[in-house]
Amino acid sequence: MKVLLVNYYYKPMVDAHAYRWAQLAEYWAARGFEVDVICSKVSGAPSAERVNNVNVTRVGFFQAKKIQSEQNLNSQSAEKYTSVLAVLKKNARLLYRKIYWPDGLWHWSFGVANELFKRRSVPYDLVVSYSPSFAAHLSVLFFKKLCRRQFHWVADYGDPFSTSMSMPNNNIFLYRRLNHYVESSILNSASKACFTSQHTYDDYSSTFGVMRNAHVIPHLADIKNVYLNTKDVSDPIVTRLVFVGNFHDGIREPFLAAAIIEKLSALLSVGNGRRIVFDIYGASNGVDVASVCNSTIKWHGPLERERVAEVIGGADFLVNIENTNCSMIPSKIVEYIATGKPIIDIASARADVSALIARYAIEGHAVIMTAEDFGRLDCLENFIEKYKGEGKICFEIVSGFLKDYGIEAVSEKYLSDLRGAGIRVCA
C-alpha cells in the first residue's frame with residue numbers, strides 16, 4: 001500500500017504532533033507500506049532523506065527549530081522589553097496575528113501545494129493530512145481536485161480549527177464565516193475525519209451537524225517501548241515530582257499545581273522530614289512560570305524528546321496539569337500512564353479532568369486534586385505514602401489499561417475504513 005502523510009510536524013521536531021505521526025509512519029513502513037511524508041523544513045535537517053524506511057521531504061520558506069534551549073528562553077525573557085525595537089516587533093506581531101489566515105503557519109501551504117502538484121500522478125492509496133497546521137488540510141483538498149486517481153483521504157485533527165474558541169487559530173471576528181465554509185468543504189470531501197477526543201468530536205457535531213465520516217481516534221503510545229525505557233528510581237529522602245509539557249495562558253498554567261505541591265512539601269517536611277522536589281519541563285509560551293520557582297519547584301525550560309525517558313525515569317510521581325476551558329486533551333497522558341509511574345492529576349475543577357485519568361484514578365493509580373481540594377491534602381498525602389518506594393505499576397496492569405491506545409490498535413482504527421472501501425491493506 002502506498003501512503004502519503006502531509007504534516008508540518010515531523011522528526012527531528014520533538015513535540016506531540018511530530019511524535020504521533022512519526023510513530024505511525026514508521027510502524028506502517030515496518031509493515032511493508034511505502035510511506036512518503038511532506039513536512040516543514042527543519043534547521044539542520046536535509047530537504048529530503050529516508051528515515052527508518054520513511055521517505056521524508058521537507059518544504060517551506062522558513063526552517064522550524066527542533067527546540068528552544070533553556071538558555072535562549074531565559075535570555076529572551078530577560079531582554080524582552082529592553083529596547084524600542086523589541087516593542088515595535090511586539091506590536092508588529094500583534095498586527096500580523098490579526099490578519100493572517102488560516103493560522104500562523106499559512107506560509108507553509110505554498111511549498112506543500114507545489115510538492116503535491118508534482119505528485120499528482122503518484123498512485124497513493126491513502127493520504128493523511130494533519131492539523132495543525134490547517135494548511136495540510138487545505139493542500140490535500142487542492143490535491144484531491146488535481147489528482148488523476150482516487151485515494152482515501154483521512155483529515156486528522158490534532159487540534160480543532162474553526163471550533164477552537166479558547167485558542168483561536170486566527171482573527172475570528174474577520175474570518176468566522178470563512179473558517180466554517182472551508183472546514184465544511186474539507187469535512188464533506190475527506191473520506192474520514194478523525195479527532196483525538198470525544199469532546200472535540202462533540203464540538204464539531206454541534207457546529208456542523210451529523211458527520212457521516214467522523215471518528216474518535218485517541219492519542220497513542222508505543223506502550224512496551226515506553227515502559228521498558230522508563231527507569232524505576234527512588235530516593236528514600238527526596239520525593240521527586242516531574243511535569244513535562246508546554247504551558248498556555250488561560251488554558252494550562254502552573255499556579256494551582258505549584259500552590260498544592262508547596263503546601264504538601266511543608267506538611268511532609270513537618271511530618272517525617274521528607275523533602276519534595278517538583279521539576280517542571282516545558283515552554284512557558286508567555287506564562288510566568290518563573291514566578292512559582294523556589295527551593296522546591298524548579299523550572300528547566302523545554303525538554304528534548306531524547307531526554308524524556310531519562311527525566312521521567314528519575315521521578316517518583318508524574319504530575320499532569322489539565323487544560324481549562326479547552327476541548328483538547330494533553331497527549332502526554334497516554335505516555336504518562338505507559339511509563340508505569342503513579343500520577344498526580346491537577347485540574348481547576350472536576351469537569352476538566354480527562355476521562356482516561358478519571359478511570360485510572362478509579363483503578364487507584366492516579367490521584368486527582370482540584371482547587372476545591374486545596375484545603376485538605378490528606379488524599380494526596382496518602383497516595384504518596386502508598387506509592388513512595390513501591391516502584392512502577394506492573395506492565396500487565398498498564399498494558400491492559402491502555403489496550404486501546406497502543407500503536408497497533410490506533411493504526412487499525414485508521415486502516416479499517418480502507419478495507420471497507422475495498423483497498424487492499426498490505427505491503
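This is a predicted model: local features need pLDDT of at least 70, side-chain atom pairs count only at pLDDT 80 or more; totals for chains, interfaces and linings use all residues.
Trainee: Which strands pair with β2, and in what sense?

Mentor: Strand β1, residues 2–6, pairs with β2 in the parallel sense over five bridges. Within that pairing, Val6 stands opposite Ile38 of β2. Between the two strands the chain passes through helix α1, residues 16–30, and this β-α-β crossover is right-handed. Strand β4, residues 54–64, also runs parallel to β2, and eight bridges join them.

Trainee: In what order do the strands of the open sheet of six lie?

Mentor: The order is β11-β10-β9-β12-β13-β14, and the pairing is parallel. At the edges are β11 (297–299) and β14 (366–370), each of which pairs on one side only. From one strand to the next, the twist averages 25°.

Trainee: How should I read the faces of a helix, and which residues of α12 are buried?

Mentor: The general idea is that an α-helix has 3.6 residues a turn, so residues three or four places apart point the same way. In α12, the buried residues are Leu356, Ile357 and Tyr360. Viewed down the axis of α12, these buried residues fall within an arc of 95°, so they line one face of the helix. Ala355 and Ile362, on the other side of α12, are exposed. The buried residues pack against β12, α11 (332–338), β13, β14 and α14 (395–401). Just after the helix, Gly364 takes a positive phi of about 95°.

Trainee: Which peptide bonds and backbone angles deserve attention?

Mentor: As a rule, most residues other than glycine have a negative phi, and most peptide bonds are trans. In this model, the bond from Lys11 to Pro12 is cis, with omega near 5°, and Pro12 is in the loop between β1 and α1. The bond from Ser131 to Pro132 is also cis, with omega near 10°; Pro132 lies in the loop between β5 (126–131) and α5 (135–146). As for phi, Asn52 is not a glycine, yet has a positive value of about 50°. Asn53, likewise not a glycine, has a positive phi of about 70°. Asn52 is in the loop between β3 (48–51) and β4, and Asn53 is found in that loop as well. Asn52 is partly exposed, with a relative accessible area of 47%, and Asn53 is partly exposed at 46%.

Trainee: How many salt bridges does a search of the whole structure find?

Mentor: In general, side chains of opposite charge can pair when their charged atoms come close. The search finds 13 salt bridges. One of them joins Lys11 to Glu26, with the closest N and O atoms 2.6 Å apart. This pair links distant parts of the chain, since Lys11 is in the loop between β1 and α1 while Glu26 is in helix α1, 15 residues apart. Lys11 is partly exposed at 31% relative accessible area, whereas Glu26 is buried at 15%.

Trainee: Which residues are linked in a network of salt bridges?

Mentor: The network links Lys2, Glu34, Asp36, Glu115, Lys118 and Arg119. Among its members, Glu115 and Arg119 form a salt bridge with their closest N and O atoms 2.9 Å apart. Glu115 is buried, with a relative accessible area of 12%, and Arg119 counts as buried at 10%.

Key. Residues are numbered from 1 along each chain as its sequence is written. Side-chain values use heavy atoms; hydrogens and water are left out. Two strands pair if DSSP finds at least two bridges between them. Helices (H or I, at least four residues) and strands (E, at least two) are DSSP runs, numbered from the N terminus. A crossover is right-handed if, with the strands pointing away from the viewer, the path from the first strand over the helix to the second runs clockwise. Axes are lines fitted to C-alpha atoms, for helices over the stretch in contact, and angles run from 0 to 180 degrees between N-to-C directions. Buried means under 20% relative accessible area, exposed over 50%, partly exposed in between (1.4 Å probe, protein chains only). The arc is that of the directions from the helix axis to the C-beta atoms. Contact means heavy atoms within 4.5 Å. A salt bridge is a side-chain nitrogen of Lys or Arg within 4 Å of a carboxyl oxygen of Asp or Glu.
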